[in-house]
Amino acid sequence: SSDVHYFVVDSGSNMIFVSDRALLHDPVPSSVTVTALGPNPLQAESDGRLIGYLQDESGQRHGMDGQATYIPGTQTSLFSVSRASRLGHSVVHEGHPRTGRHGMTLAGSGVFIPFVWSDTARLWFLPFYRRSSRVRQ
């Protein structure tokens with residue numbers, strides 16, 4: 001659906017990066033330069049708030065409000081495991097991709113947000129629902 005944006009779950013990144021500037025709220029010019037996404041450093045364009053929802057195992061959505069950086073010309077958004085850990089969330093990778101438990105337990109609430117495995121990409125993804133998405137009550 002067009003209201004969902006998928007982030008690659010990245011254990012190497014220390015920031016959340018978005019490939020779609022429209023995901024940022026209240027953007028300001030960025031001074032960030034990224035050196036790990038290819039042979040040449042990339043200059044970020046904007047920093048801003050990433051506001052939306054994460055969906056738990058039962059389909060309930062939970063608000064997310066964090067900081068992210070937009071890098072023009074990238075095709076992939078990255079969700080930082082280390083940033084999530086610094087904020088007190090617990091990232092879990094236990095067992096086989098299809099049968100194990102993989103996701104993030106949110107700090108404070110203990111709510112578990114599952115990651116989605118892609119056999120094709122061989123990567124974990126975090127579905128992020130834009131703020132304009134309708135939330136079930």
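These legends go with an overall view and several close-ups of a predicted model.

Figure 1. Read from the N terminus, the elements run β-β-β-β-β-β-β-β-α-β-β-β-β-β. Along the principal axes, its C-alpha atoms fill a box of roughly 40 × 35 × 30 Å.

**Figure 2. Inside and surface of the protein.** Of the 137 residues, 43% are buried. The protein exposes about 7,700 Å². Carbon and sulfur atoms supply 49% of that area. Take the contacts between residues at least 6 apart in sequence: 55% of them join residues at least 24 apart.

**Figure 3. Charges across the protein.** There are 12 positive and 11 negative charges. Their mean positions are 3 Å apart. Side chains of opposite charge can pair when their charged atoms come close. The structure holds seven salt bridges. The next views show some of them.

**Figure 4. Arg61 and Asp3 meet in a salt bridge.** The distance from N to O is 3.8 Å. Arg61 lies in strand S7, residues 61-70, while Asp3 lies in the segment before strand S1, residues 4-10. The pair therefore ties together parts that are 58 residues apart in sequence.

**Figure 5. Arg130 forms a salt bridge with Asp20.** Their closest N and O atoms are 3.2 Å apart. Arg130 belongs to strand S13, residues 123-130. Asp20 sits in the loop between strand S2 (17-18) and strand S3 (24-29). So this pair ties together parts that are 110 residues apart in sequence. Arg130 counts as partly exposed, at 22% relative accessibility. Asp20 also counts as partly exposed, at 25%.

**Figure 6. Asp119 and Arg98 join two loops through a salt bridge.** Here the N to O distance is 3.2 Å. Asp119 lies in the loop between strand S12 (116-118) and S13. Arg98 lies in the loop between strand S9 (90-94) and strand S10 (101-105). The pair thus ties together parts that are 21 residues apart in sequence. Asp119 is partly exposed, with a relative accessible area of 42%. Arg98 is exposed, at 59%.

**Figure 7. A network of salt bridges.** Which residues take part in this network of salt bridges? Asp26, Arg49 and Asp65 are linked in it.

Key. Residues numbered from 1 in each chain as written. Predicted model: local features only at pLDDT ≥ 70, side-chain atom pairs only at ≥ 80, totals over all residues. Heavy atoms only, no water. Helix = DSSP H or I, 4+ residues; strand = E, 2+ residues; numbered from the N terminus. Buried < 20%, exposed > 50% of the residue type's maximum accessible area, 1.4 Å probe, protein only. Contact = heavy atoms within 4.5 Å. Areas by Shrake-Rupley, 256 points an atom, 1.4 Å probe, with all protein chains shown as cover. Lys, Arg positive; Asp, Glu negative; His and termini not counted. Charge placed at Lys NZ, Arg CZ, Asp CG, Glu CD. Salt bridge = Lys/Arg side-chain N within 4 Å of Asp/Glu carboxyl O.
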